[in-house]
Amino acid sequence: MPLNESAPLYLKIYKELRTELERGLLAPQSRIPTERELAVRFSTTRITVAKALARLTQEGFLERRTGAGTFVREWHIEQTPPSTSLVEQVAVLSGYTRNRDTALLVSGIAEAFGDDGSGRFALYDSRDELDQEAECLRRIHTQVLQGKIRGLIALPAGQNENRDAYAALVAAGCKLVFVDRYLTGIASDRVTSANESATAQAIAELVALGHRRIAFLCSYPLPNAVIRDRQTGYERGLREAGLEIRPEWIRRAEWARKSGQERPACPLDDCNAILQSWLSEPEPPTAIFCANDRALQSALLTLRQRGVRVGPDLALVGFLNRSDWVAHVQEPFLGIRQWHEELGKQAAQLLHERLVASTPSAPSRSITIGVDFVYHPSADGWRTP
């Protein structure tokens with residue numbers, strides 16, 4: 001089976017091995033190849049293979065026997081695809097559906113529900129505006145009370161500003177799954193990327209390369225749980241390395257938010273002021289962790305305008321989702337790529353399980369999707385001292 005290039009490598013390995021198991025190519029009770037052998041087969045590391053095998057083991061396809069290896073278990077498929085009647089009672093609330101990452105997320109939801117693309121579920125676009133989100137939630141609430149909507153997959157716009165509206169949906173019997181971002185204090189399932197651990201890993205990579213002065217930059221219209229988790233990972237990474245957390249090196253570049261005010265492509269003015277402040281210090285940061293795309297793009301453009309050499313003078317690491325602009329960038333950096341389509345698929349699966357569950361009061365569940373680290377334009381270029 002050809003591997004899908006749009007998925008994380010561990011997930012590609014998982015899917016190929018699962019297909020072989022489902023087709024009976026690996027017989028029950030047989031011993032599978034070792035992690036080392038599979039790593040050679042898929043041209044990757046044992047760590048990546050182990051991640052795929054762990055998922056297959058968790059799902060009951062494989063079992064590990066101490067001192068003997070990993071073996072194929074007897075198994076049967078327990079899950080069934082959602083029915084059209086369920087899909088027609090599902091709403092999806094996202095922000096900026098025209099964005100590539102959001103579009104991929106919605107595409108993953110549609111694929112998991114077996115949608116043919118005709119939009120059998122109700123799609124609401126908050127445009128990442130709190131007022132628009134509140135209006136969407138009001139309309140969804142009306143549909144819930146009329147029995148037309150039973151479940152909601154939501155990518156919330158802010159932190160907890162509209163929490164009461166979401167809580168009211170849950171109280172009315174609507175099954176809720178947060179995807180990518182989430183709110184606190186609400187009984188709901190959620191599917192997110194490994195924001196905190198990936199950030200901590202990126203900081204550890206910078207420390208291993210000799211960086212001891214690392215700043216944190218984000219640029220987002222509204223603070224949210226994702227940015228908070230990434231900041232937690234940044235601070236965790238510094239603590240684990242025995243480095244000081246400096247509040248003045250944790251900054252957010254502002255951008256236009258007022259109704260009717262055009263949003264700039266990048267908050268360059270804010271970013272320029274922040275970087276000027278940092279770089280004018282006697283001992284400035286030698287690396288910057290960028291918590292989202294706009295921060296990474298703004299930092300790259302601002303440093304280019306200031307004549308600062310990214311890589312030799314200042315290392316950049318950051319989350320990289322909308323990558324269409326990367327082809328025009330020559331400066332080396334380390335990007336962290338999320339897999340929004342997989343986020344959507346897992347959120348749809350969680351919601352489906354809630355809708356058909358015989359025990360509606362089951363505890364809330366949380367799924368974390370791994371990320372990939374991407375060196376641009378190459379690892380050698382980024383690691384150049």
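Biologist: In this predicted model, how far apart should the ends of helix H3 (residues 46-58) be, at 1.5 Å a residue, and what does the structure give?

Modeller: The 13 residues of helix H3 should span 18 Å at 1.5 Å a residue, and the end C-alpha atoms are 18 Å apart, which agrees. Just after H3, glycine 60 takes a positive phi of about 90°.

Biologist: Which residues of H3 are buried, and where do they fall when the helix is seen down its axis?

Modeller: Thr48, Val49, Ala52, Leu53, Arg55 and Leu56 are the buried residues of H3. Seen down the axis, these buried residues fall within an arc of 155°, and they therefore line one face of the helix. On the other side of H3, Ile47 and Gln58 are exposed.

Biologist: What do the buried residues of H3 pack against?

Modeller: Their partners are helix H1 (9-22), helix H2 (35-41), strand E1 (62-65) and helix H12 (340-356).

Biologist: Let us turn to the aromatic rings. How many aromatic pairs does a search of the whole structure find, and what describes a pair of aromatic rings?

Modeller: A pair of aromatic rings is described by the distance of the centres and the angle of the planes. In this model, the search of the whole structure finds four aromatic pairs. One of them joins tyrosine 166 and phenylalanine 178, an edge-to-face pair with 5.3 Å centre to centre and 70° between the planes. This pair links distant parts of the chain, since tyrosine 166 is in helix H7 (residues 163-171) and phenylalanine 178 is in strand E6 (residues 175-179), twelve residues apart. Tyrosine 166 is buried, with a relative accessible area of 0%, and phenylalanine 178 is likewise buried, with a relative accessible area of 0%.

Biologist: What is the geometry of the pair formed by phenylalanine 216 and tyrosine 234?

Modeller: Phenylalanine 216 and tyrosine 234 form a tilted pair, with 5.2 Å centre to centre and 45° between the planes. Because phenylalanine 216 lies in strand E8 (residues 214-218) and tyrosine 234 in helix H9 (residues 225-240), the pair ties together parts that are 18 residues apart in sequence. Phenylalanine 216 counts as buried at 1% relative accessibility, and tyrosine 234 is buried with a relative accessible area of 0%. Ring pairs also link Phe216, Tyr234, Phe289 and Phe319 into a cluster.

Biologist: How many salt bridges does the structure hold, and which parts of the chain does the one between glutamate 111 and lysine 345 tie together?

Modeller: The structure holds 16 salt bridges. In the one between glutamate 111 and lysine 345, the closest N and O atoms are 3.4 Å apart. Glutamate 111 lies in helix H5 (residues 100-112) and lysine 345 in helix H12, so the pair ties together parts that are 234 residues apart in sequence. Glutamate 111 counts as partly exposed at 46% relative accessibility, whereas lysine 345 is buried, with a relative accessible area of 17%.

Biologist: Which residues are linked with Asp189 in a network of salt bridges?

Modeller: The network links Asp189 with Glu353, Arg354 and Arg365. Within the salt bridge of arginine 365 and aspartate 189, the closest N and O atoms are 3.2 Å apart.

Definitions and conventions:
Residues numbered from 1 in each chain as written. Predicted model: local features only at pLDDT ≥ 70, side-chain atom pairs only at ≥ 80, totals over all residues. Heavy atoms only, no water. Phe/Tyr/Trp six-rings, centres within 6.5 Å; stacked < 30°, edge-to-face > 60°. Helix = DSSP H or I, 4+ residues; strand = E, 2+ residues; numbered from the N terminus. Buried < 20%, exposed > 50% of the residue type's maximum accessible area, 1.4 Å probe, protein only. Expected span 1.5 Å × (residues − 1). Arc of directions from axis to C-beta. Contact = heavy atoms within 4.5 Å. Salt bridge = Lys/Arg side-chain N within 4 Å of Asp/Glu carboxyl O.
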